[in-house]
Every structure is written in structure tokens, then in C-alpha cells.
Amino acid sequence: MAVSLWGCTGSREAGGGGVAQTQQPSASGGVAGLGSSEDAEALRALKELDFIELTQGPAVLERGVSKFYRELGVIEFLDAYIIDMPPTAEFISGAALINSGIANRYFHADAGTEGGTQHLFENRLLQAANRAIRSVPPSEGVEVLHDAFFEALEECGRDSPWPDVELFVLHSGRGYDARFDRVKPNPGLSYYEFSELRHECALYAVTYPTLDSAVRDELLAPQRAYFAKEVLDRLDNELPVVETPARYQAEVDELRRDGW
């Protein structure tokens with residue numbers, strides 16, 4: 001069951017990278033899309049879960065990042081979300097990849113041969129991307145991407161139903177997790193709501209709303225090329241080689257031909 005904190009979406013302009021949602025808080029500060037008592041009960045149950053339950057158990061399937069990944073498929077998920085985050089936002093992109101990998105395992109737990117092939121393929125690409133984000137070479141303009149991303153992330157948090165929330169902390173030029181027990185003052189904010197807020201604000205921030213689209217694409221081009229190279233190299237050369245499912249064949253062919 002999808003439980004969303006926001007109802008607005010937007011898309012990146014044509015010619016840029018992937019398509020990412022943009023999110024804005026509801027005016028009431030409530031949860032959109034909860035039209036029944038069953039939905040409300042599902043939300044209450046999610047709000048009672050702690051960090052371990054939401055990241056390492058089957059409840060990870062109810063996380064927004066997991067649903068986004070399942071909806072798009074692994075290649076579009078990487079294109080729309082992961083590979084455009086600045087290297088200094090690894091605490092978000094890395095966690096998103098890990099949570100998606102755990103969700104992938106639960107999703108395909110009872111799958112047959114076809115599902116198993118897809119599970120292995122998706123897992124290989126998630127792992128490749130996770131390693132790539134830790135080794136993106138420095139490029140000109142990375143500071144501009146950093147500033148624009150974290151400015152948008154902070155703005156989104158301020159415009160949320162919890163305007164005092166700390167979605168991140170900056171230290172020595174990098175972003176890090178803000179300890180949830182120090183989030184102030186946000187009475188009634190559960191870890192589930194906190195994590196969903198940061199995920200959806202990251203979807204907004206990764207569109208770099210304050211940058212001109214041409215400037216944004218030029219600055220992102222080197223790291224997008226790096227991700228394509230790393231992902232394809234591991235897909236082709238890492239043992240054991242995994243089969244490309246029919247669902248992804250056209251996307252892999254396009255990635256080989258055009259890159260990201």
C-alpha cells in the first residue's frame with residue numbers, strides 16, 4: 001500500500017538527465033491519499049516502526065524509495081535519482097541503493113526462474129552504482145552542484161509540515177545524516193515520516209531547481225558518463241556474469257549506445 005506525504009509531481013526538462021519527481025508539502029500538513037480507515041491504520045503502523053524495522057525487514061517495501069525503484073525499474077531509477085546526486089550527498093544515494101537492494105531481495109523472495117534472473121540483474125546494477133558513488137572523480141563545478149542540491153534540500157524541509165526539521169548536517173564540505181533523536185522541535189514526527197520527507201525532498205533537490213538546465217546538464221555530464229562506464233563494466237566483466245532480462249534489454253542497449 002503506497003502511503004505518500006505529498007501529492008505534487010514535476011519532471012526534469014527534456015534534454016536533461018532522468019525524470020525525477022518534485023514534491024511539495026500539503027497545505028494541511030497531513031498525509032495525502034489516505035481515503036480509508038485501512039489506509040490510516042497502515043500509516044499508524046508504519047509510524048510505530050523503528051530504524052531497523054524500516055531498513056532491514058520486509059517493511060522496507062513500504063518505503064518511498066523502494067516503491068520509486070520498483071515503479072521505474074533499476075536503470076531508470078539510477079538515471080532519475082542516484083547518478084545525479086552530488087558526491088557529497090552519498091549519505092542519501094548510498095542509503096537509497098542499500099534499501100533498494102534489500103527491497104529487491106524481499107520482492108523476489110518467492111519468484112521463479114524469471115524473477116530470479118531479474119533479481120540478480122537488478123542487484124548487480126545496484127551494487128555497481130553503490131561502488132561508483134564512492135569513487136566519482138572530481139570534476140569542475142562539483143561545488144556548484146553541491147550548493148544547489150543542499151540549498152533545495154533545505155528549502156524543501158522548511159516548506160514541509162515540519163519546518164524546523166534537520167534533514168542533514170554539513171561537515172568539511174560533505175553531507176551527513178542528522179541524528180533523528182536530535183531533530184528539533186517536531187512533536188509527532190516518526191522516523192518513517194522523517195525518512196519519507198528526506199527521500200521526497202531529495203527527489204526535488206536532484207532536479208537542481210535553482211540551476212539553468214543547460215548549466216546543470218553540463219555540470220552533471222562527467223559523473224553521468226562515469227556511472228555509465230562503471231555500471232556497464234561490472235555488468236560485462238564481473239563474475240559470475242548475470243543475464244540481462246528481456247525487460248531491460250532495450251534499456252541496456254540504449255545505455256551502451258547513448259550513455260546516461
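User: By class, how many residues in the lining of the largest cavity are nonpolar, polar and charged?
Analyst: This is a predicted model. The lining of its largest cavity includes Ile-82, Met-85, Pro-86, Pro-87, Ile-133, Val-136 and Phe-227. Glu-90, Ser-93 and Gln-223 line the cavity too. By class, the count is seven nonpolar, two polar and one charged.

User: Which elements give two or more residues to that cavity lining?
Analyst: Glu-90 and Ser-93 line the cavity, and α5 spans 90–107. Gln-223 and Phe-227 also line the cavity, and α9 spans 213–237. The elements giving two or more residues are α5 and α9.

User: What volume does the largest cavity have?
Analyst: The structure holds one cavity of 30 Å³ or more. The volume of the largest cavity is about 60 Å³.

User: Which element gives the most to the lining of the largest pocket?
Analyst: The largest pocket holds about 400 Å³ of space. Its lining has 22 residues, and among the closest to its centre are Ala-95 and Asn-99. Elements giving two or more residues are α2 (51–56), α5 and α8 (191–205). With seven residues, the top contributor is α5.

User: How many charged residues are in the lining of the largest pocket?
Analyst: Arg-63 and Arg-198 are among the lining residues closest to the pocket centre. By class, the lining has 13 nonpolar and five polar residues. The charged residues number four.

How values were computed
Residues numbered from 1 in each chain as written. Predicted model: local features only at pLDDT ≥ 70, side-chain atom pairs only at ≥ 80, totals over all residues. Heavy atoms only, no water. 1 Å grid on protein atoms, 1.4 Å probe; cavity = no way out; pocket = protein on both sides within 12 Å on 5 of 7 lines; lining within 4 Å. Points joined across faces, edges and corners; volume = space filled by probe spheres on them. Helix = DSSP H or I, 4+ residues; strand = E, 2+ residues; numbered from the N terminus. Nonpolar A, V, L, I, M, F, W, Y, C, P; charged D, E, K, R; others polar.
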